[in-house]
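Have the model open in your viewer and keep the selection tool handy.

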Amino acid sequence: MNKVLINDTTLRDGEQAAGVAFTLEEKVAIAKFLDTIGVPELEVGIPAMGEEEMRAICAISNLGLNANLLAWNRAVISDIKASIACGMKRVHIAIPVSGIQIAAKFHGQWRVSLQRLKDCISFAVDQGLWVAVGGEDSSRADENFLLDVALYAQEWGASRFRFCDTVGVLDPFTTYGKVKLLVSALAIPVEVHTHNDFGMATANALAGIKGGATSVNTTVIGLGERAGNAALEEVVMAIKRIYGVDMGIDTPRLLELSQMVATASGANVPPWKAIVGENTFAHESGIHAHGVMQNPDTYEPFAPEEVGWERRLVVGKHSGRHLVSNLLEQHGIFLNPEETQSVLDAVRQQSVKKKRSLTTEELLNLVKEQRYSHAAR
């Protein structure tokens with residue numbers, strides 16, 4: 001775990017999410033933010049997409065960031081040339097390795113695909129570039145063929161091999177075994193790239209690391225193709241809190257980063273999203289709220305400040321008297337048990353009616369209404 005680095009691909013695979021299109025200014029801002037919080041490597045885009053993408057990549061390249069920058073390429077020499085034109089010193093070359101992908105993209109001619117890869121690696125190395133190779137759809141590839149491709153890539157000059165669960169079909173146990181097999185056979189580092197089609201991207205990323213991968217692809221808030229990728233904030237915090245390894249990422253800024261990327265992508269972060277969702281440190285139910293008021297460790301895996309949040313105690317359908325009393329006392333309102341129960345009953349009714357928890361202002365208004373009601377009797 002101490003040797004693992006993050007290669008964040010928000011600006012490449014993240015932007016490939018359907019309906020997402022970052023402006024040049026947004027790409028630059030996201031790259032700066034990722035660099036500022038300590039992410040060591042960024043996959044910044046696909047130069048072969050055209051002039052607009054190349055302008056954005058050039059702009060990022062000219063920022064002088066501390067992070068290593070990587071451009072994504074097909075096994076096509078013109079793609080590599082486009083990356084060089086953007087000032088890239090590091091390139092990623094993707095090649096299909098599963099039967100279904102080779103059939104679709106190379107008409108089943110795997111020898112042609114390997115020759116293409118060899119030519120591209122040789123060209124890139126001759127140009128003085130650092131080269132990573134990605135096995136597209138590694139998870140569905142024949143294991144012997146995948147191993148052959150990885151060994152050839154290493155022999156031809158690649159400095160890292162990416163194991164891609166392109167359509168997110170693996171579970172952590174299988175991921176661990178497949179990655180471990182690659183790691184044991186290669187002298188170059190292995191990177192793991194996971195997708196969330198079955199909700200296991202982060203779990204599979206961690207399993208790949210356990211299997212020996214020393215680089216992991218992430219995207220902010222799990223943005224990406226179809227159901228997305230392994231979320232940066234989830235991977236970083238899991239490694240930090242579950243495995244006790246600090247990756248050097250400024251985690252208190254993860255919330256701000258997630259909100260920036262969500263805004264740029266035109267999407268809302270679900271309230272229940274791990275680490276950065278609005279409800280992550282919100283407590284409503286009576287048992288949980290009472291426990292947290294006594295000791296936050298009872299129902300929180302780590303302090304909210306670690307990721308930029310503050311703890312919130314909210315009243316709603318599942319709240320209890322302790323929480324209602326606590327919130328009211330913060331506003332100088334002290335009720336007897338009968339009054340507290342009356343307010344709690346009203347809170348629960350209003351919460352069901354409004355289909356949400358109540359704001360502090362709504363809670364205070366309910367107290368006024370209850371007192372007026374009692375006074376009028």
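Buried means under 20% relative accessible area, exposed means over 50%, and partly exposed lies in between (1.4 Å probe, protein chains only). This is a predicted model, in which local features need pLDDT of at least 70 and side-chain atom pairs count only at pLDDT 80 or more, while totals for chains, interfaces and linings use all residues. Residues are numbered from 1 along each chain as its sequence is written, and side-chain values use heavy atoms, with hydrogens and water left out.

Start by selecting Lys27, which is buried because its relative accessibility is 1%.

Next, pick Glu43 and Arg162, a salt bridge whose closest N and O atoms are 2.9 Å apart. Glu43 sits in strand 2 (residues 41-45) and Arg162 in strand 6 (residues 160-165), so the pair ties together parts 119 residues apart in sequence. Strands here are DSSP runs of E with at least two residues, numbered from the N terminus. Both partners are buried.

For the last pair, show Lys240 and Glu306, whose closest N and O atoms in their salt bridge are 3.3 Å apart. Lys240 is partly exposed at 22% relative accessible area, whereas Glu306 counts as buried at 17% relative accessibility.

Notes: Salt bridge = Lys/Arg side-chain N within 4 Å of Asp/Glu carboxyl O. Helix = DSSP H or I, 4+ residues; strand = E, 2+ residues; numbered from the N terminus.
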